[in-house]
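Biologist: Show me the model, please. I want to know what stands behind each label.

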Amino acid sequence: MPLPLLQPILTLIGTQVAKAQPDVFSRLGPHAQKSFVIDPTDLPFVLVLKPKPEAPALSAWRRDSAPHSHARIAGSFLNLFDLIDGSLDGDALFFSRKLRVTGDTEAVVALRNALDDVDGGVVESITKAFGPLSGVAAMTVSHMRTLGGRGLGSRGLGGRGRNHE
Amino acid sequence: MNDHVAPRRPELVCPAGTPASLRTAVDAGADAVYCGLQNATNARNFPGLNFSPDELGKSVDYAHARGAKVLLAVNTFPPAGQFQLWKDAIGIAASVAADAIIVADIGVAAYAAREFPQLRLHLSVQAGASSPEAIRFHCEEFNVRRVVLPRILTVAEIADIHRQIPCEIEAFVFGNIGMMAEGRCSLTNYVTGVSTNMDGVCSPAADVHYEEEADGTLTTKLGSFVIDRYGCGENGGYPTICKGRYSCSAQPEPYYAFEEPRSLNLSALLPDLMRAGVTALKIEGRQRSRAYVRSVVAAFRKAVDEIMTGKQPSLTDLIALTEGHKETQGAFQSKSWR
């Protein structure tokens, strides 16, 4: 998908999460003013998150043209997806070297803890952003996870979660 | 251990770093959940973690409605002239009807016992009380009802202590195996200027830096000190000085000077611990995610319930959640562990 087509969806996601989960900003504290590169290493673009309470923004960039950010979080798309959704443990991913963090570690820790406190997970919050199409969005996410689990080799993580390659 | 002694049903005490994590722990089968406030009064004072007083109150209501207890960790040591924050924390615990507070400092214990005698006191692992004499002192002076034992005792020693003290015993069964009170924490304090035991922060994230090279080698640093260097694909650990790998003139090859990055897992010793008189089994990890809490709590809930019905527990493989993907029974099995 060309990045300009992706941008309205990302904007919708950013504003919806901010609207539905205002507590995230209080957990972020001063780190809400920072910017984060979220790098799904198996996709041809990165996301830049600026979680300012007054104007949260999520944007897509070509990997080599992303703006300077305070921190970068890199891993496979499905691992990052399950991480922000509270289905995977970030420390376990880090121990297995499937998650890479560079830059402002404190900001990343704050972001991780803030997202982990979202009941039902951030992904559920995002699918609700699609209004009448939220059912379709939820089915798409579920299908994507199934494909990811099959194609990328899911394995048990304490019997419940997943740990994608 | 005497196999003829029937195991007692222990309380499963589980970690919660956030309100969502607390609800996850309760829903996964925790009998009790322990948590902390968003300040230096608890030993997991990390950014984005912990509870506001309002969140704590709502969380206590959630747990109590489902038959679970909430224990508030007020388990750091007040620096000189800063006692008010700890007094406030105890007052908050009482006001939200927390089921107990977990304390380490004798001044905090004395204040709580005097001002809030109805509030149940547990002695934190941070207090480092490992002898019957030390534990009895806290029971007699502050009416401590439970001691969380340091992770330096064998199961046989725990059984022996149980016979000599007037309070309950809580023992760690899974998670980080940090020793806390025997000096290693002073190392991170020396490097960062922030204290594990007073500020509640071990290896503060602001001082942690990760550097990955093109060949996949990962260097972890705390301040200006290199803690470890992992080869491409080698499992990693926390950037704590006590689990770092160092070289020196006497030992030029990098080695773990204190201990390896690995986690405690006493799944296989559960029946012995329950026969030894342990009242509560504690899972470490308030800094971990809901996914960790869900998996570990559910695994131990199932194992304990199976033991209580006379079955051989089917132990879930939790290795993916352990530090460095290695686990140990530490000193609980043998004193040969360092």
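**Labels and their cut-offs**

Modeller: Start with B:Asn75, in the loop between strand 3 (69–74) and helix 3 (84–95) of chain B. Helices (H or I, at least four residues) and strands (E, at least two) are DSSP runs, numbered from the N terminus. This is a predicted model: local features need pLDDT of at least 70, side-chain atom pairs count only at pLDDT 80 or more, while totals for chains, interfaces and linings use all residues. Residues are numbered from 1 along each chain as its sequence is written, chains are lettered from A and ligands numbered from 1 in the order in which they are written, and side-chain values use heavy atoms, with hydrogens and water left out.

Biologist: Why is B:Asn75 called buried?

Modeller: Its relative accessible area is 8%. Buried means under 20%, exposed over 50%, partly exposed in between (1.4 Å probe, protein chains only). So B:Asn75 counts as buried.

Biologist: What does B:Asn75 touch?

Modeller: Contact means heavy atoms within 4.5 Å. Leaving out residues up to four places away in sequence, the partners of B:Asn75 include B:Thr41, B:Ala43, B:Val103, B:Ser124 and B:Arg286. A polar atom of the B:Asn75 side chain also lies 3.1 Å from the backbone nitrogen of B:Ala43. A polar contact is a pair of N or O atoms within 3.5 Å; within protein, one must be able to donate a hydrogen and the other to accept it, and residues adjacent in sequence count only if both atoms are side-chain atoms.

Biologist: What makes B:Glu11 and B:Lys69 a salt bridge?

Modeller: Their closest N and O atoms are 3.0 Å apart. The rule asks for a side-chain nitrogen of Lys or Arg within 4 Å of a carboxyl oxygen of Asp or Glu. The pair links distant parts of the chain: B:Glu11 is in strand 1 (residues 11–15) and B:Lys69 in strand 3 of chain B, 58 residues apart. B:Glu11 is buried at 12% relative accessible area. B:Lys69, at 36%, counts as partly exposed. Both belong to a network of salt bridges that also includes B:Arg120 and B:Glu168.

Biologist: Which parts does the pair B:Lys221 and B:Glu211 tie together?

Modeller: The two side chains meet in a salt bridge at 3.4 Å, N to O. B:Lys221 lies in strand 9 (residues 218–222) and B:Glu211 in strand 8 (residues 208–212) of chain B, so the pair ties together parts 10 residues apart in sequence. B:Lys221 is partly exposed at 22%, and B:Glu211 is partly exposed at 40%.

Biologist: How do you know that the radius of gyration of chain B agrees with a compact globule?

Modeller: The radius is taken over C-alpha atoms, and the globule rule is 2.2 Å times the number of residues to the power 0.38. With 338 residues, that gives a value near 20 Å; chain B has 20 Å, so it agrees. Of those residues, 59% count as buried.

Biologist: How many salt bridges cross the interface of chain A and chain B?

Modeller: The rule finds 5. B:Arg290 and A:Asp116 meet in a salt bridge at 3.9 Å, N to O. Helix 5 of chain A gives the most to the side of chain A that touches chain B, with 9 residues.

Biologist: How much area do chain A and chain B bury between them?

Modeller: About 3100 Å², 49% of it on carbon and sulfur atoms. Buried area is the accessible area (1.4 Å probe) that two parts lose on being put together, summed over both. In chain A, A:Arg27, A:Phe95 and A:Arg97 lose the most area to chain B, together 26% of what that side buries.
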